[in-house]
Amino acid sequence: MDRKHFLKKTGMGMAGFFGGFGITKPLSIRGKSDHYQSKNWVWITESEGTVDEWKSRLEHLKKAGFDAILPQENFDNIIPAAEALDIEVHAWLVSLQRGSDKKVQKEHPEWFMVNRNGESSLEKPAYVDYYKWLCPSRKPVHEYLKEQAQELLQYSEIQSIHLDYIRYPDVILPIDLQPKYDIVQDKEYPQYDYCYCSVCRQKFEEKYGSDPMEIEDPAHHEKWLQFRYDRVTTLVNKLAIMVHEENRELTAAVFPTPDIARNLVRQNWPDWDLDAVLPMMYQNFYDKGIDWIGQAVKECRQELPKTTRLYSGLFVPSLNEEEIAQAFEHAMGAGADGISLFTDTEMEKPDWKNLRRVIRRG
Ligand SMILES: [Zn+2]
């Protein structure tokens, strides 16, 4: 999801991008007679359609073993169709990255993150034009996102607010993306390192007595790292209180393991008050094979509270018809509660067939 936009909007073709990806041999990691109890999700990128069109799309998903969808819009048509098919609807909210939010860009340019060179992400975004990010240290930003969530909660059928882009911009891109931008990120560089806006600098100085701009080695400064993890955590946990007061849930799309999330995007998501987490286990971005999905699930489980459900995000364009089923089994075998597809429109007939076989309802 997050990543998919990134690729699409930068004009990178999937064929070129995935051309060198090797095909692994099928394997079975499941016993003969057992099957998994799973709950499975889909991030919805193509949300147009009438109620009837949605009914037929959801009927197909239901038969394939899917239980929940994450649309961003068209709720008036999607909700009645989902109710008829007994499929949950969760509202996908792109939160801190506001590249397409012209209103907030115009009215509140001061809310946007600033890098270590003193450049605003609004005026000089990193990597791609839409990398314009709101600073999580600012109270009005919290209020703004609360309002956005509140608006979605007007639909009583929406079961969770699903936070996406709830993080800092990538201080380091996943290894497989770096050559695509002709960038070598062997360490943290100042133009990708956020946020050094006046509010962040002041808050840090009040607490620790020094200006983050003066820190010599910010990449290894524990307090400065933790301070930034906590900025996002505080925001998420405030949203959690609000959402829970409305008797709904809070879910999020996050980077694939806690270590990767902290190191690349300063996202310390095991500390968040989430009901369910959907880590984007897009193995190809990290030059990994399908079996890494199981390893990633284990790493997540080590840090997650027991009560937080975990659904492995799968990047459909990087998985062939055998791998999609293997990915499900690796995830479930390692302790996931299900999967989330990015996205159903990338799935082809053999993919559905193979996936249905392993999901097997009991
Ligand atoms: Zn800031």
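Author: Start with pairing. Two strands pair if DSSP finds at least two bridges between them. Keep in mind that this model is predicted.

Reader: What makes β6 and β7 a pair?

Author: Strand β7 covers residues 309–315. Two bridges link β6 and β7, in the parallel sense. The cut-off is at least two bridges, so they count as paired. Within this pair, Ala276 stands opposite Arg309 in β7.

Reader: How do you know that β5 and β6 pair?

Author: Strand β5 is residues 249–254, and four bridges join β5 to β6 in the parallel sense. At least two are needed, so the label holds. Here Ala253 faces Leu278 in β6. From β5 the chain passes through helix α9 (residues 258–265) to β6, and this β-α-β crossover is right-handed.

Reader: What makes the unit of β6, α10 and β7 right-handed?

Author: Point the strands away from you. A path from the first strand over the helix to the second that runs clockwise is called right-handed. The unit of β6, helix α10 (residues 292–303) and β7 has that hand. Helix α10 lies across β6 and β7, at about 150 degrees to β7.

Reader: Which way do the residues of β6 point?

Author: Ala276 and Leu278 point one way, Val277 and Pro279 the other. All four are buried.

Reader: What do the paired strands build?

Author: A closed barrel of eight strands, running β1-β2-β3-β4-β5-β6-β7-β8 with parallel pairing. On average, neighbouring strands are turned by 25 degrees against each other, direction ignored.

Reader: How do you know that β1 and β8 pair?

Author: Strand β1 (residues 41–43) and strand β8 (residues 338–342) run parallel and share two bridges. That meets the cut-off of at least two, so they pair. Trp41 stands opposite Ser340 in β8.

Reader: Why is Tyr155 called partly exposed?

Author: Count its C-beta neighbours inside 10 Å: there are 15. Buried needs 20 or more, and exposed needs 12 or fewer. The count of 15 lies in between, so Tyr155 is partly exposed. Tyr155 sits in the loop between α6 (139–153) and β4 (158–164). Beyond its neighbours within four places in sequence, Tyr155 is in contact with Phe75 and Ile79.

Reader: How do α6 and α8 cross?

Author: The crossing is right-handed. The axes of α6 and helix α8 (residues 222–245) come within 10 Å and cross at roughly 35 degrees. Among the residues making the contact are Leu145 of α6 and Leu239 of α8. By class, the contact has six nonpolar, one polar and two charged residues.

Key. Residues numbered from 1 in each chain as written. Predicted model: local features only at pLDDT ≥ 70, side-chain atom pairs only at ≥ 80, totals over all residues. Contact = placed C-beta atoms within 7 Å. Axes fitted to C-alpha atoms, helices over the stretch in contact; angles between N-to-C directions. Left-handed = near helix turned anticlockwise from the far one by under 90°. Nonpolar A, V, L, I, M, F, W, Y, C, P; charged D, E, K, R; others polar.
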